[in-house]
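Trainee: I have a new structure to look at, and I would like to learn how to read it. Could you walk me through a few features?

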Amino acid sequence: MKRGPKAETPSTKLARGTFQPVRDGVKTEIIVPGDPPIQPDYLTAGAIEVWQEVIGRVMAAGVTEVDSALLARYCSLEAEVRVAFSSGGELPSAAYLTVLRQHEELLRIAGPKSRVGVGGGNGAKPANRFARNGAGNRS
């Protein structure tokens, strides 16, 4: 690893006016979108209602524009399941409910366990599985 200051991104050099195409033109930048999810046009009225209900929770959980399609599928499926439950007729199959739960876990809105990786849960540190390994007391 080279010592010295870290290389600057091409966009920073363009803004400053020190961009050199020969040297800096071959560098690439990774752009990570941090915008809120974008609601697609194809959602039904019921799915839009679900979108409006959960958008605050999913944004608080860290969902960004990259997850827009996943959130749209979740909202569509949740709207279909709500219609099935409210109609009083046939209940949705277990496959629908399983996929719905998996989507909630991916969006980190399924409960405290789904947010463990981002600081959720009960706040306790996980136990060290390897604490008893090695030599014990030698006295």
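**Reading the features one by one**

Mentor: Let's start at the end of a helix: α5 is followed by Arg 108, whose phi is positive, near 60°. Helices here are DSSP runs of H or I with at least four residues, strands are E runs of at least two, and both are numbered from the N terminus. This is a predicted model, where local features need pLDDT of at least 70 and side-chain atom pairs count only at pLDDT 80 or more, while totals for chains, interfaces and linings use all residues. Residues are numbered from 1 along each chain as its sequence is written, and side-chain values use heavy atoms, with hydrogens and water left out.

Trainee: What span should helix α5 have, and how far apart are its end C-alpha atoms?

Mentor: The expected span of a helix is 1.5 Å times one less than its number of residues. Helix α5 covers residues 94-106, and its 13 residues should span 18 Å; the end C-alpha atoms are 18 Å apart, so the two agree.

Trainee: Is His 103 buried or exposed?

Mentor: Buried means under 20% relative accessible area, exposed means over 50%, and partly exposed is in between (1.4 Å probe, protein chains only). His 103, found in helix α5, has a relative accessible area of 13%, so this residue is buried. Leaving aside neighbours within four places in sequence, His 103 is in contact (heavy atoms within 4.5 Å) with Leu 70, Arg 73 and Tyr 74.

Trainee: And what does Glu 104 touch?

Mentor: Not counting residues up to four places away in sequence, Glu 104 touches Tyr 74, Ile 109 and Ala 110. Glu 104 also sits in helix α5, but is partly exposed, at 22%.

Trainee: How do I read a nonpolar core?

Mentor: In soluble globular proteins, nonpolar side chains tend to be buried together. A nonpolar core is a set of buried Ala, Val, Leu, Ile, Met, Phe, Trp, Tyr and Cys residues joined through side-chain atoms within 4.5 Å. The largest one here has 19 residues, and Trp 51, Tyr 74 and Cys 75 are among those with the most contacts inside it. Two or more residues come from each of α3 (45-60) and α4 (68-87), with α4 giving the most, 8 residues.

Trainee: Which residues are in contact with Cys 75?

Mentor: Beyond its neighbours within four places in sequence, Cys 75 is in contact with Ala 47, Val 50, Trp 51 and Val 54.

Trainee: Where does Leu 43 lie?

Mentor: Leu 43 is in the loop between α2 (21-24) and α3. Leu 43 is buried, with a relative accessible area of 7%, and touches residues including Trp 51 and Ser 76.
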